[in-house]
Amino acid sequence: MNISVQGVRAEVSDWDAVSMLPARELPALTQEQRQVARTLGIKEEDYARSALTGQRTTEKLIGKTERFARYLQEQVAHAVPSASIEEVALNTWEHRFDVSLRVGQEIVPLRIAEDVIDDLFERGSREAELRLRRVLELTLPARVA
């Protein structure tokens, strides 16, 4: 199963944590990054902080996507044992998960709003669980022969 994050996002908590780091703990910039910082008129230290913030947020988003993919795989396996997940991508611009399921020879696309998954994992929302289950019911049964 392919897991990815499409787009970028920076979280305030990550920026706050990185802004408190001493300069010596920041990652060294590549020659290309130094050139970009110069072109943009940004101090190299600030550019390094920004890059580290982005890295930390991306790691969190990949973890979130992996957790969702594992949960979804269980739900799909229960609904249609022959189905499998090919890809789960968090699209940060559209605030949704784009999923590709394989059912037999067919690839079935799903789009699931990120806020549904946040409600499910962060608040244990029963409503979010039912919304996700409904999406699967509407998508998968028509594909099963």
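Analyst: Ala 128 lies in helix 5, where helices are DSSP runs of H or I of at least four residues and strands are runs of E of at least two, numbered from the N terminus. The model is predicted, so local features need pLDDT of at least 70 and side-chain atom pairs count only at pLDDT 80 or more, while totals for chains, interfaces and linings use all residues. Residues are numbered from 1 along each chain as its sequence is written, and side-chain values use heavy atoms, with hydrogens and water left out.

With a relative accessible area of 2%, Ala 128 is buried (buried means under 20% relative accessible area, exposed over 50%, partly exposed in between, with a 1.4 Å probe and protein chains only). Apart from its neighbours within four places in sequence, Ala 128 is in contact with Val 116, Asp 119 and Leu 120, contact meaning heavy atoms within 4.5 Å. By contrast, 46 Å separates the C-alpha atoms of Ala 128 and Gln 35, which are 93 residues apart along the chain.

Val 116 and Leu 120 are among the buried residues of helix 4 (residues 114–123), together with Glu 114, Ile 117 and Asp 118. The cover over these buried residues includes helix 3, strand 2 (84–91), strand 3 (96–103), strand 4 (106–113) and helix 5. After helix 4 comes Gly 124, which has a positive phi near 65 degrees.

Helix 5 also takes part in lining the largest cavity, to which it gives the most, with 4 residues. The lining consists of Tyr 71, Gln 75, Glu 129, Leu 132, Arg 133 and Leu 136. Helix 3 (44–79) and helix 5 (126–139) are the elements that give two or more residues to this lining. On a 1 Å grid over the protein atoms alone, a cavity is a set of points where a 1.4 Å probe fits but cannot get out, and lining residues have an atom within 4 Å of a point.

As for the whole, the protein chain has 5 helices and 4 strands, in the order β-α-α-α-β-β-β-α-α along the sequence. Its radius of gyration is 19 Å, well over the 15 Å that the globule rule gives for 145 residues, so the chain is more spread out than a compact globule; the radius is taken over C-alpha atoms, and the rule is 2.2 Å times the number of residues to the power 0.38. Along its principal axes the C-alpha trace spans about 60 × 35 × 20 Å. Of the 145 residues in the protein chain, 36% are buried.

Conventions: 1 Å grid on protein atoms, 1.4 Å probe; cavity = no way out; pocket = protein on both sides within 12 Å on 5 of 7 lines; lining within 4 Å.
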